[in-house]
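Take a look at the model first, then read on.

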Amino acid sequence: MTLPREEERAGLFDLTGRVVWVTGAGKGLGRAIATALHDAGAHLVLTSRTESDLRALADELDSTAPDRTQVLAGAVDTPGFADHAVERILEAHGRIDTLVNCAGISPHFTRTEKVSDQDWRSVMSVNLDGAFFCARAAGAAMLDRRAGSIVNVTSVHADVGFERIAAYAASKGGLDALTRALAVEWADRGVRVNSLAPGYFHTDLSSGLLENEKWGNRIRGSVPLGRFGVPAELGGAVVFLAADASSFVTGSTIAVDGGWLAR
């Protein structure tokens, strides 16, 4: 094996000119992921339900690198949205290099026997159906070019059980299985599919739980590093999975969890 020269190694993490679609980009982990990809040079297409959140992020990013951010509001589980988003991206850029499926919800920290049918369906619809719709639409465009990377944001709870999050855990476990299935199916046509599994990070979604004395202390005590993550700490892993540095990585899960899964 011939090792790459120094200048080639430096380019392994360079996303300059790459077109990256990030779902759930308006807040929390999605916002941090989008920022890291932008810092690595990518042209971004940001989607989420709330246009104002996307505009605020786009304005912030464009203040340092104008005209590298496109905004498209909509819900990933709305029928036809993913196909429409891909059409818009292809019209603007001619290709999609990476999809980061980050849109997700976990609206209730509720005992399983009290979870309603509607609550269950809502979580599955966004976290699993929506991710599939986006992967299917973006994947078709990538397969045409025989190149691309899909990163599905799952969770440590795809592997480790925890109270009162049955719907969320099931949806993320399903997404983890979908990752492996697509990775095997699409590998011979140049499309890589991997999972990024965060542990507990301080975000709008998790703040209520983590700031609760009982649950916050219990969760922190299960993290070998002894603290919660900062959203920006996901940046390195997602850039790696989007970039040429991970060209021989597919069907894998990278956990960014402070050691949670190592216990």
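The residues lining the largest pocket split into 18 nonpolar, 19 polar and six charged (Ala, Val, Leu, Ile, Met, Phe, Trp, Tyr, Cys and Pro count as nonpolar, Asp, Glu, Lys and Arg as charged, and the others, Gly among them, as polar). Keep in mind that this is a predicted model: local features need pLDDT of at least 70 and side-chain atom pairs pLDDT 80 or more, while totals for chains, interfaces and linings use all residues. Numbering runs from 1 along each chain as its sequence is written, and side-chain values use heavy atoms, with hydrogens and water left out.

**Pockets**

- A pocket here is an open set of points on a 1 Å grid over the protein atoms alone, where a 1.4 Å probe fits, with protein on both sides within 12 Å along at least five of seven lines; lining residues have an atom within 4 Å of a point.
- The largest pocket has a volume of about 1000 Å³, a volume being the space filled by probe spheres set on the points, which are joined across faces, edges and corners.
- Its lining runs to 43 residues, with Gly104, Ile105, Ser106, Thr203 and Leu205 nearest the centre.
- α2 (28-39), β2 (43-48), α6 (166-186) and α7 (207-210) each put at least two residues into that lining, and α2 gives the most, with three. Helices (H or I, at least four residues) and strands (E, at least two) are DSSP runs, numbered from the N terminus.
- The second largest pocket comes in at about 180 Å³. Of its 14 lining residues, Arg18, Gly148, Ser149, Arg192 and Asp244 are the closest to the centre, and the lining divides into four nonpolar, five polar and five charged residues.

**Aromatic pairs**

- There are seven aromatic pairs, where rings of Phe, Tyr and Trp (its six-membered ring) pair if their centres lie within 6.5 Å; planes under 30 degrees apart count as stacked, over 60 as edge-to-face and the rest as tilted.
- Phe13 and Phe240 make a tilted pair, 6.4 Å centre to centre with 35° between the planes.
- Phe13 sits in the loop between α1 (6-10) and β1 (19-23) and Phe240 in helix α9 (residues 235-242), so the pair ties together parts 227 residues apart in sequence.
- Phe13 is partly exposed at 42% relative accessible area, and Phe240 is partly exposed at 22% (buried means under 20%, exposed over 50%, partly exposed in between, with a 1.4 Å probe and protein chains only).
- Phe109, Phe162, Tyr200, Trp215 and Trp260 form one aromatic cluster.

**Pro231**

- Pro231 is in the loop between α8 (213-221) and α9, and counts as buried at 18% relative accessibility.
- Its C-alpha atom is separated by 7.5 Å from that of Thr203, 28 residues apart along the chain.
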